[in-house]
Amino acid sequence: MMMSGRGHLSLLFFLAVCSPRYLAQTPPATLRPSPSPSPSQPQTERLKVRLAGFPRKHNEGRVELFYKGEWGTICDDDFSISNANVLCRQLGFVEATGWTHSAKYGKGQGKIWLDNVQCGGGERSIAACKSRGWGNSDCTHDEDAGVVCKDERIPGFVDTNVIEAHVEENKLEEVRLRAVVAAAKKRLPVTEGVLEVKYKDGWAQVCDAGWTAKNTRVVCGMLGFPQEKKFNKNFYRQTAKANANAKSKQSSANSRLFLERQKNVYRVHSVACAGTEVHLAACPMEFNGPNGTASCRGGSPVVVSCMPGPLFVRQHGGFKKKAKTSSTVRLKGGARLGEGRVEVLKSGEWGSVCDDRWNLQSASVVCRELGFGSAKEAMTGARMGQGVGPIYMNEVKCSGYERSIWKCPFKNITSEDCQHTEDAAVRCNVPYMGLENSIRLGGGRTRYEGRVEVLGVDANGTEGWGLICGETWTTKEAIVACRQLGLGYANQANQETWYWDSSNVTEMILSGVKCTGNEMSLTQCQRHKTLSCQKAAAKFAAGVICSETASDLVLNATLVQQSVYIEDRPLHMLYCAAEEDCLSKTAAKANWPYGHRRLLRFSSQIHNIGRADFKPKAGRHSWVWHACHGHYHSMDIFTHYDLLNANGTKVAEGHKASFCLEDSDCEEGISKRYECANFGDQGITVGCWDMYRHDIDCQWIDITDVKPGNYIMQVVINPNLEVAESDFTNNAMKCNCKYDGHRIWFHNCHVGDAFSEEAERRFDKYPGQLNNQIS
């Protein structure tokens, strides 16, 4: 608990000219090769590692290795935490927290590749550790080893293999659509074209004999589209005939060479997807021989046409039909498009989904429902942060064809079933838009920071890189820049970047950039039509620092409702508060020290439910000592407390101008890291909360001048977005408030994004006299 003396703290524009590139699901468990593999492992082979088994979280499981074209396990003989550390780092986690023996996650199949493994702990690959050699084991699968990794990813680790897709990546890794229609070639995303699969150093075709709509559905899902679409088959048949006629008429060597390059190379045929797969490689299919040039009897290359989700219909502009997305499912807390914690709406209130049995099929239903493709990853263990509302679903078992997650079988939650540490999340396949090609960072120490450089058009009409004026650059613009770059959350927005001056790009080409924070790219934000920047030197250009993780603060709304009361406090006890500007302006005209002020008091408990500690933006050197309350204030404005009337006009405010931040208490197993006393570090640890009790000085709103009536109480945390968070929409809390001149009632206190839009509209109309909710 806090001491009672604690105070208040209180673009003719971006053009990305590039050849279309298409994203396919990254095969699971593709890892960097060991720098010094053991003699028994060929230098050319890339060792792949994955976690498997059930039941388990995303960061634990039976260890399986892919060697000589086959998945196998590791025996637990001589296994140690050093072995586990090496394996966890190969999987992209910072370290291991434990390991398991005796097939805790179930028995594996196939070979037991390694036995009596002994690592020092510093090896880059399990293949570099001592062992009996590949395939030499005297164990059974009853002795399969597992690992438990710390749920913290290595910064910048590209490969992801914590969820199995059962993809045979040695057969088929990447697909794309090659646009044929002239209009389609000029637009991104490409939604229709000839299906091609990556083959050797080029691309090959798929034979359309026996091709079904279910196959098309899988391909569309891989490319980020929720469903398939009918197309004009005659157009492609006529195009094929025209090409054939052209071939017969051509005779020159150059023409023959050109047509040879255009010749269809068939690699895949007889594809038989069920339609629920998340990757084409998971479908039964046949492959042509090594030459891959076999003909497609009775058919031609597969053509696929997909329907983009609403976000991309607007971008594409080539569709008359308006696609719809669900109003009862949403993603929260993700940095990138198409990722986040899964939340569902029930009885007007949003809640989360428990991760028991959460898999790619269920995740894909959510992704398609929201206008994306199939799921690239089904994440467990609150990988996208924890929710704060109800948990509505558990053990969701979708087939993959449902139109909504609500149509899938699931179990209702009981209080002991799940906690928010088990909230399910998804990462969806999204269409390739090429947005990252028109933005880059220059001068930073890492790829996550630097001066923002954008691709624009100069006076001569050619493309060139330029800078953005930093004058109006804020966190919201930085959020969009980091999203466009694919680098996560905006940790900082910089209006001066002289310390990153290492680029030859010096011209300012953009100014007045203003974003809401929800845009996919800076091209969608407002901007000046002509450059207008008072500080046009390169050292005043906009910059960002991006981060893979961020904090997420949320106020305990229930505690506010339970702890509210009115106190008439004598003026002679408010000298310190007056000095700290905690009273309304009329207090200055009072007959000090006689009389009193009427204070609306309540407790404020602020939790960090994100994935990074919340730390003040200002360095310790700029913190201000407040002798009145005996500690340093690290932020000028951390929280706004306001009392609003029915039309939204502020009638009283809390003047919480400055704060000190510390861990008052934490969840079980988490240690406090921050405290205000003795010039200590300030902040709020993940899984901890900062508590301002109702009886602390300045923990109030001065309502001396407020008349009786119905009001809305509003609290906003981090109102100026000074510190990075994964979700700013849950920073506000509102309550219905009734004041009769003597007593006050709070009702319906809730976090700002907890209710549906309809319920929120009803909330603003105060329901009348209510029972006091104080407990």
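How many aromatic pairs does a search of the whole structure find? It finds twelve aromatic pairs. The model is predicted: local features need pLDDT of at least 70, side-chain atom pairs count only at pLDDT 80 or more, and totals for chains, interfaces and linings use all residues. Residues are numbered from 1 along each chain as its sequence is written, and side-chain values use heavy atoms, without hydrogens and water.

**View 1. Phe-79 and Trp-99 form a tilted ring pair.**
Rings of Phe, Tyr and Trp (its six-membered ring) pair if their centres lie within 6.5 Å; planes under 30 degrees apart count as stacked, over 60 as edge-to-face and the rest as tilted. The centres of Phe-79 and Trp-99 are 5.3 Å apart, and their planes stand at 50 degrees, so the pair is tilted. This pair links distant parts of the chain, 20 residues apart. Phe-79 is in the loop between strand S3 (70-74) and helix H1 (81-90), and Trp-99 is in strand S4 (residues 96-100). Helices (H or I, at least four residues) and strands (E, at least two) are DSSP runs, numbered from the N terminus. Buried means under 20% relative accessible area, exposed over 50%, partly exposed in between (1.4 Å probe, protein chains only). Phe-79 is buried, at 7%. Trp-99 is partly exposed, at 33%.

**View 2. Trp-113 and Trp-134 meet edge-to-face.**
Their ring centres are 6.2 Å apart and their planes are at 65 degrees, so the pair is edge-to-face. Trp-113 belongs to strand S5 (residues 112-114). Trp-134 lies in the loop between S5 and strand S6 (146-149), 21 residues apart from Trp-113. Trp-113 is buried, with 5% relative accessibility. Trp-134 is buried too, with 13%. Ring pairs join Tyr-67, Trp-113 and Trp-134 into a cluster.

**View 3. Charged side chains lie over the rings of Trp-71 and Trp-203.**
A charge sits over a ring if NZ of Lys or CZ of Arg is within 6 Å of the ring centre and within 35 degrees of the ring normal. The charged end of Arg-50 is 3.9 Å from the ring centre of Trp-71. Lys-198 lies over the face of Trp-203, 5.7 Å from the ring centre.

**View 4. Four strands build an open, antiparallel sheet.**
The strand order is S27-S30-S36-S35. Two strands pair if DSSP finds at least two bridges between them. Strand S27 (553-555) and strand S35 (665-666) stand at the edges. Each has a single partner strand, so one side of each is left without a neighbour in the sheet. S27 pairs with strand S30 (residues 604-608) over three bridges. Val-554 stands opposite His-607 in S30.

**View 5. Arg-598 is a buried residue in strand S29 (residues 596-601).**
The relative accessibility of Arg-598 is 17%. The side chain of Arg-598 makes a polar contact with the side chain of Tyr-739, at 3.0 Å. A polar contact is a pair of N or O atoms within 3.5 Å; within protein, one must be able to donate a hydrogen and the other to accept it, and residues adjacent in sequence count only if both atoms are side-chain atoms. Contact means heavy atoms within 4.5 Å. Leaving aside neighbours within four places in sequence, Arg-598 is in contact with residues including Ile-566, Glu-567, Asp-702 and His-742.

**View 6. Helix H3 (residues 213-222) is mostly covered.**
Eight of the ten residues in H3 are buried. Among them are Asn-215, Arg-217, Cys-220 and Met-222. The cover includes strand S13 (303-307) and helix H7 (360-369). Just after H3, Gly-224 takes a positive phi of about 95 degrees.

**View 7. Arg-178 and Glu-196 meet in a salt bridge.**
A salt bridge is a side-chain nitrogen of Lys or Arg within 4 Å of a carboxyl oxygen of Asp or Glu. The whole structure holds 36 salt bridges. In this one, the N to O distance is 2.7 Å. Arg-178 lies in strand S7 and Glu-196 in strand S8, so the pair ties together parts that are 18 residues apart in sequence. Arg-178 is partly exposed, at 33%. Glu-196 is buried, at 3%.
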